[in-house]
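Work through these exercises with the structure open beside you. Try each task before you read its solution.

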Amino acid sequence: MTETTTQPATAQPPTRVAVSRRWRKIGNLLTAYSFIAPNFIGFAVFTLGPIVFAFLLAFMHWDGNNPIEWAGLDNFFKLFRDRVFIASFWNTIIYTGATVPLTLVCALGLAILLNQQIFARNFFRTIAFFPYVASLIAVAVVWNMLFHPEFGPVNMVLYTLGVDPKDLPRWAAGKDWAMITVIMFSVWKNMGYFMVIYLAGLQGISAELYEAADIDGATAWQKFWRITLPQLGPTTFFVSVMLTITSFKVFDQVFMITQGGPGTSTMVLVYHIYNEAFVSWDLGYSSMVALVLFFLVLGITLIQFRLTRENEENLA
Amino acid sequence: MAGISLRKLRKTFGTLTVVHDIDLEIADKEFIILVGPSGCGKSTTLRMIAGLEDISSGDLVIGDTIVNDVPPKNRDIAMVFQNYALYPHMTVYKNMAFGLELRHSPREIIDKKVNEAAEILDIAHLLNRRPKALSGGQRQRVALGRAMVRSPAVFLLDEPLSNLDAKLRTAMRAEITKLHRKLDATFIYVTHDQVEAMTMADRIVVMKDGHIHQVDTPQALYDRPVNMFVAGFIGAPQMNFFPVAVARGGTSVRFGDRELPLPARLSEALPPGSADRACMLGLRPEHFHERLPVDVDPAMTAEMDMEVELAEPMGAELHLNGVLGGETVIARVSPRCQARAGDRITLIADLSSAHLFDKKTEAAFGN
């Protein structure tokens with residue numbers, strides 16, 4: 001610091017320059033806010049508002065028609081008496097517990113397979129990705145036809161393979177098979193999307209690492225466990241978080257294939273929320289179920305973050 | 001024990017042949033360097049030796065065994081990659097221990113070998129770090145360490161110093177040379193840097209376009225290049241070439257309107273009937289002098305005028321870039337020389353050290 005650059009420390013009235021600088025700063029801020037305003041207003045009106053409203057509704061009684069009434073913790077205690085809620089809670093956990101690892105393994109398997117130099121690789125990649133982009137309604141109809149208990153080709157094949165007609169799975173119509181059917185459908189529908197993410201992850205792994213491993217003497221299996229899988233850590237984390245969240249929010253697959261049935265065997269939380277809100281018009285209670293779902297997803301995601309952070313830090 | 005023979009080794013990618021039937025004998029414990037410009041096939045050759053590339057034809061023999069179809073892990077080799085190829089998710093220790101773990105070596109042996117190598121390479125304090133927390137030079141050492149712990153008979157090094165800064169490169173050059181002596185193993189080293197090749201190798205293999213041009217000791221390559229490519233490639237600044245024609249029955253050459261004497265070594269090597277043969281005369285930068293050196297026969301010199309375009313002081317010497325008889329030339333002179341850009345200076349060319357190449361075939365005479 002030299003004397004010439006040192007400013008006098010005494011307070012002085014704002015000069016014209018200082019005032020105009022302040023106005024320019026405010027102008028800049030306004031310009032910036034005006035750019036994000038359209039998006040933020042849309043978000044506030046259509047997302048943030050309803051979310052806050054739903055939070056409040058969880059402690060209200062409202063049928064959408066009559067005036068809203070304060071309910072206190074009524075809706076909360078109702079959860080424990082509601083057998084459909086308890087069934088849908090566990091069904092959602094089972095669905096997520098099965099769908100996440102299955103989709104993950106299938107997507108990774110497909111990605112590894114379609115990352116090799118195989119014949120018509122792009123064609124097979126498209127085939128694998130297709131279910132994800134295809135209309136859910138269309139593929140669900142086809143799926144229901146394929147897995148129809150009496151006339152579906154899948155059961156016909158099983159029958160010709162010698163399965164006793166009495167033992168043939170009843171798929172979506174059977175109490176024990178309905179959830180499995182929904183899980184299979186979801187895995188098949190979503191694995192193409194996560195395959196693409198895994199493919200990107202695989203292509204990000206330097207080929208030199210595999211060459212170094214070849215020279216170190218690793219077998220294909222050892223290379224997979226010791227190099228591919230650890231290198232895909234961040235990808236697997238992303239995929240598992242996305243999958244968990246979408247699995248907890250499952251609705252459309254259930255709606256198209258089983259409508260929650262038979263009985264409550266495939267009833268899941270979001271389907272229950274839908275029924276309570278728009279079939280029974282108990283908007284307060286359905287908001288309470290939604291609140292439970294929110295904390296469930298939040299809790300699991302936080303745990304995933306905690307578990308993976310260490311692993312993340314270890315990777316370059 | 002771990003001598004290596006390349007017998008008519010060829011590599012093709014589709015219709016493109018990148019290595020053309022090369023023959024090379026590498027002695028046990030030799031430090032051999034494959035050098036050449038980008039795309040000359042040196043890395044491909046190394047990768048064939050490593051087993052990372054299939055051999056299109058020919059045989060690769062390590063020891064007494066043809067290893068064409070032997071997987072890399074069974075060839076008793078270790079490799080240091082250009083980008084180090086360290087496993088990012090493993091610590092330095094794990095990186096170095098990985099190969100031994102895969103071979104189910106006992107814990108204590110792994111521990112001992114890793115620590116020994118780390119000690120030699122001065123990376124013992126880094127064993128718990130991950131590669132991303134290391135500098136380029138440290139990563140280089142870890143890559144060397146990973147190769148060392150396996151105690152292979154052959155070390156393959158693919159441009160291992162190309163990612164280091166100039167100072168570190170010079171230091172690592174010396175370290176690798178010492179390491180070779182200490183480890184008592186065969187080193188096959190690929191580089192495009194002729195300085196690395198000259199300073200480290202027992203023998204240098206000069207390659208271009210998938211062919212081996214010359215295999216010899218560094219000094220022999222420098223003194224007796226077999227063709228213009230080798231002459232131009234080895235030596236920095238590179239050799240100067242002048243288009244000349246053979247005159248006076250081979251005792252001199254014509255360069256423009258001047259006649260330059262040829263040493264007997266070259267005139268005797270010219271085949272009969274070489275009168276007027278178009279040749280290239282090669283003179284290294286250090287064979288130009290400001291005044292006649294005492295040990296040079298005056299009859300074997302010629303005074304030549306040079307227009308200096310650029311003077312590069314190197315400290316111990318001065319590089320004069322300019323034009324001499326219409327040809328671009330670099331002369332290496334004493335740093336006391338006062339010539340600067342734009343000056344005209346008379347230099348004495350020492351033709352007793354000249355090289356002569358056939359203009360058409362580019363092959364050297366008299367080597």
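**Exercise 1.** Which residue of E19(B) does B:His289 stand opposite?

*Solution.* B:His289 stands opposite B:Ile348 in E19(B). Before going on, note that this is a predicted model, in which local features need pLDDT of at least 70, side-chain atom pairs count only at pLDDT 80 or more, and totals for chains, interfaces and linings use all residues. Residues are numbered from 1 along each chain as its sequence is written, while chains are lettered from A and ligands numbered from 1 in the order in which they are written.

Step 1: name the elements. Strands (E, at least two residues) and helices (H or I, at least four) are DSSP runs, numbered from the N terminus.
Step 2: find the pairing. E15(B) and strand E19 (residues 344–350) of chain B run antiparallel and are joined by two bridges. Two strands pair if DSSP finds at least two bridges between them.
Step 3: Five strands make an open sheet, ordered E15-E19-E16-E17-E18 (chain B), with antiparallel pairing. Strand E15 (288–289) and strand E18 (327–333) of chain B are its edge strands, each pairing on one side only.

**Exercise 2.** Take the six-stranded open sheet of chain B. Which are its edge strands?

*Solution.* Step 1: read the order, which is E13-E12-E11-E14-E20-E21 (chain B), with antiparallel pairing.
Step 1: go to the edges. They are strand E13 (258–261) and strand E21 (364–365) of chain B.
Step 2: Strand E11 (residues 240–247) and strand E14 (residues 278–283) of chain B are antiparallel, with six bridges. Here B:Val244 stands opposite B:Cys279 in E14(B).

**Exercise 3.** Is strand E8 (residues 186–191) of chain B mostly covered or mostly open?

*Solution.* Step 1: count. Six of its six residues are buried, and the strand is mostly covered. A residue is buried if 20 or more other C-beta atoms, placed from the backbone, lie within 10 Å of its own.
Step 1: find the neighbours. Strand E3 (residues 31–35) of chain B pairs with E8(B) in the parallel sense over five bridges. Strand E7 (residues 154–158) of chain B also runs parallel to E8(B), again with five bridges.
Step 2: B:Ile32 has B:Ile188 as its bridge partner; B:Phe155 has B:Phe187.

**Exercise 4.** How do the axes of H3(A) and H10(A) cross?

*Solution.* The axes of helix H3 (residues 83–113) and helix H10 (residues 233–248) of chain A come within 9 Å and cross at roughly 145°. Axes are lines fitted to C-alpha atoms over the stretch in contact, and angles run from 0 to 180 degrees between N-to-C directions.
Step 1: list the contact. Residues are in contact if their C-beta atoms, placed from the backbone, lie within 7 Å. Among them are A:Tyr95 and A:Val100 of H3(A), and A:Val239 and A:Leu243 of H10(A).
Step 2: sort by class. The contact has seven nonpolar, eight polar and no charged residues. Ala, Val, Leu, Ile, Met, Phe, Trp, Tyr, Cys and Pro count as nonpolar, Asp, Glu, Lys and Arg as charged, and the others, Gly among them, as polar.

Definitions and conventions: Two residues are in contact if their C-beta atoms, placed from the backbone, lie within 7 Å. A residue is buried if 20 or more other C-beta atoms lie within 10 Å of its own, exposed if 12 or fewer, and partly exposed in between; C-beta atoms are placed from the backbone.
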